[in-house]
Amino acid sequence: MTINVSTAGATQGQTPESLLTLAEYLELSLDVGGSLVMVSPHVHTCAMYVGNPVGSRADLRSCGMIEKTLADEIVDLTHAGVNRIEVDGQVYRFIRRFAHISRRAVVVFDPM
């Protein structure tokens, strides 16, 4: 999937905030060398972690929180499987999948 951010937002030429947020966290996951894991622990926010999602949640490094509306839009603008998005001239390739960590459903973004 290729998302042209100049047309993905409500206004042409404007990158959706959700994709800017995803790009920031993908950069962090590339720097740390792990997957990006999005967990929805609260009603209005999602916890963001970086690390290996195969183990327990204790094996993941907490790296922030985002509003649930942003998390929902990230899921809406990407799909399960291989994704390719371009944000501000930077191309990001990742696999989006679902997993379970400590019996909780999570969304995992594995950088490629």
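**Reading the features**

Mentor: V82, I95 and M112 make a nonpolar surface patch of about 250 Å². A patch of this kind takes residues with over 30% relative accessible area and no salt bridge, joining nonpolar side chains (Val, Leu, Ile, Met, Phe, Trp, Tyr) within 5 Å, while like charges are joined within 9 Å. Accessible areas follow the Shrake-Rupley method with a 1.4 Å probe, and for residues only the protein chains shown count as cover. M112 belongs to the segment after β7 (104–111); helices (H or I, at least four residues) and strands (E, at least two) are DSSP runs numbered from the N terminus.

Trainee: What should I keep in mind about the model itself?

Mentor: The model is predicted, so local features need pLDDT of at least 70 and side-chain atom pairs count only at pLDDT 80 or more, whereas totals for chains, interfaces and linings use all residues. Residues are numbered from 1 along each chain as its sequence is written, and side-chain values use heavy atoms, with hydrogens and water left out.

Trainee: How many salt bridges does the rule give?

Mentor: A salt bridge is a side-chain nitrogen of Lys or Arg within 4 Å of a carboxyl oxygen of Asp or Glu. By this rule the count is 2. In one of them, the side chains of K68 and D72 meet at 3.0 Å, N to O. Because K68 and D72 are 4 residues apart in helix α3 (residues 68–77), about one helical turn separates them.

Trainee: With which residue does R97 form a salt bridge?

Mentor: R97 pairs with D110, and their closest N and O atoms are 2.5 Å apart. This pair links distant parts of the chain, for R97 is in strand β6 (residues 90–101) and D110 in strand β7, 13 residues apart. R97 is partly exposed, its relative accessible area being 31%, whereas D110 is buried at 15%.

Trainee: How many aromatic pairs does the structure hold?

Mentor: Rings of Phe, Tyr and Trp (its six-membered ring) pair if their centres lie within 6.5 Å; planes under 30 degrees apart count as stacked, over 60 as edge-to-face, and the rest as tilted. The structure holds 1 aromatic pair. F94 and F109 form it edge-to-face, with 5.6 Å centre to centre and 70 degrees between the planes. Since F94 lies in strand β6 and F109 in strand β7, the pair ties together parts that are 15 residues apart in sequence. F94 is buried, with a relative accessible area of 0%, and F109 likewise counts as buried at 0% relative accessibility.

Trainee: Which residues have the most contacts inside the largest nonpolar core?

Mentor: A nonpolar core is a set of buried Ala, Val, Leu, Ile, Met, Phe, Trp, Tyr and Cys residues joined through side-chain atoms within 4.5 Å. The largest core has 21 residues, and those with the most contacts inside it are L22, L36, M38, I66 and F109. At least two residues of this core come from each of α2, β2 (35–39), β3 (45–51), α3, β5 (81–87), β6 and β7. Helix α2 gives the most to this core, with 5 residues. Apart from that core lies another, of 9 residues, among them V37, V39, L60 and I101.

Trainee: Which residues does L36 touch?

Mentor: Contact means heavy atoms within 4.5 Å. Not counting residues up to four places away in sequence, L36 touches L22, Y25, L26, S29, M48, Y49, V50, V107, V108 and F109.

Trainee: Where is T21 found, and what is T21 in contact with?

Mentor: T21 is found in helix α2 and is buried, with a relative accessible area of 11%. Leaving aside neighbours within four places in sequence, T21 is in contact with I66 and L70.

Trainee: Which residue other than glycine has a positive phi near 65 degrees?

Mentor: That residue is R103, in the loop between β6 and β7. R103 counts as exposed at 85% relative accessibility. D88 also has a positive phi, of about 50 degrees, although it is not a glycine. D88 lies in the loop between β5 and β6 and is exposed, with a relative accessible area of 64%.

Conventions: Buried means under 20% relative accessible area, exposed over 50%, partly exposed in between (1.4 Å probe, protein chains only).
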